[in-house]
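Please have a look at the chain first, then try each task before reading on.

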Amino acid sequence: MTLEQDLDGLEVTLDHTAVAAPRIRDLLPIYRDLLGGRHLGGGGDQLEAGYRTLQLTYTGGSKVELMEPLAGSDFFDSFFELTRGRGGVHHLNFHVTDMETAVARLTARGYRLHGLNTGDPRWREVFLHPKEAHGVLIQLAQPGEWPPGPRATLEDVLAGRGYRGNGVPSP
């Protein structure tokens, strides 16, 4: 069975591809300067997990998320080991309209899921293990509403002043 069959009846939309490297600054010459990505505004630190992230958007609405580890974090250690320290595509993100139904359908079919997080109504997520998806980490997310207000600039995020920023500039 394919993932599409397993989630039949749910709206599933490819939202973005995430690329991780030791430094977001090393990704910007390609994804922003060469390919013309524009910072969406926002981004910041996932302190519990140990990484910083921001998104770029392109003509037509496609998006790439750029990720880097926070100082002292081991979040990407195994990923960087597999990529010989260079990084690369980390995961694909698909939005779903009903997280509980998606989890129930995948679990009933024996898929191994990990990282289920439904505690924050702004972002509910679960991951399909790479061993279940031919080596690709798949993130399923059900986004909610974010509070209105100004979003961090690219410079703010890189300076550690994005959403939940730790105040430490990116390397």
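**Exercise 1.** Is His 134 buried or exposed? Then describe its backbone and compare your notes with those for Arg 164.

*Solution.* Keep in mind throughout that this is a predicted model.

- Step 1: a residue counts as exposed over 50% relative accessible area. His 134 reaches 81%, so it is exposed.
- Step 2: locate it. His 134 belongs to the loop that runs between strand E8 (123–128) and strand E9 (138–143).
- Step 3: check the backbone. The phi angle of His 134 is near 55°, which is a positive value in a residue other than glycine. Most residues other than glycine have a negative phi.
- Step 4: turn to Arg 164. Its phi is also positive, near 55°, and the residue sits in the segment after helix H5 (154–158). Arg 164 is partly exposed, at 32% relative accessibility.

**Exercise 2.** Which residues are in contact with Asn 93, leaving aside its neighbours within four places in sequence?

*Solution.* 

- Step 1: Asn 93 is part of strand E6, which covers residues 88–96.
- Step 2: judge its cover. The relative accessible area of Asn 93 is 0%, so it counts as buried.
- Step 3: list the partners. With those sequence neighbours left out, Asn 93 touches Thr 13, Leu 14, Asp 15 and His 16, and also Trp 123, Gln 139 and Ala 141.

**Exercise 3.** How many salt bridges does the count come to? Examine some of them, including the one between Glu 100 and Arg 124.

*Solution.* 

- Step 1: a side-chain nitrogen of Lys or Arg must be within 4 Å of a carboxyl oxygen of Asp or Glu. By this rule there are 10 salt bridges.
- Step 2: Glu 100 and Arg 124 form one, with their closest N and O atoms 2.0 Å apart. The bridge links distant parts of the chain, as Glu 100 is in helix H4 (residues 99–108) and Arg 124 in strand E8, 24 residues apart. Glu 100 is partly exposed at 46%, but Arg 124 is buried at 15%.
- Step 3: Arg 32 and Asp 33 also meet in a salt bridge, at 2.7 Å from N to O. Both ends are partly exposed: Arg 32 has a relative accessible area of 31% and Asp 33 has 48%.
- Step 4: Arg 122 bridges to Asp 120, with 3.0 Å between the closest N and O atoms. Arg 122 is partly exposed at 22%, and Asp 120 is partly exposed at 23%.
- Step 5: salt bridges with shared partners join Asp 45, Arg 52 and Glu 68 into one network.
- Step 6: return to Arg 122, which also lies over the face of Trp 146, 4.8 Å from the ring centre.

**Exercise 4.** Which residues form a nonpolar patch on the surface?

*Solution.* 

- Step 1: the patch is made of Ile 30, Leu 34 and Leu 35, which together have about 310 Å² of accessible area.
- Step 2: take one member, Leu 34, which lies in helix H2 (residues 24–34).
- Step 3: Leu 34 has 65% relative accessibility, so it counts as exposed.

Terms used
Residues are numbered from 1 along each chain as its sequence is written. This is a predicted model: local features need pLDDT of at least 70, side-chain atom pairs count only at pLDDT 80 or more; totals for chains, interfaces and linings use all residues. Side-chain values use heavy atoms; hydrogens and water are left out. Patches are made of residues with over 30% relative accessible area and no salt bridge: like charges are joined within 9 Å, nonpolar side chains (Val, Leu, Ile, Met, Phe, Trp, Tyr) within 5 Å. Accessible areas come from the Shrake-Rupley method with a 1.4 Å probe; for residues, only the protein chains shown count as cover. Helices (H or I, at least four residues) and strands (E, at least two) are DSSP runs, numbered from the N terminus. Buried means under 20% relative accessible area, exposed over 50%, partly exposed in between (1.4 Å probe, protein chains only). Contact means heavy atoms within 4.5 Å. A charge sits over a ring if NZ of Lys or CZ of Arg is within 6 Å of the ring centre and within 35 degrees of the ring normal.
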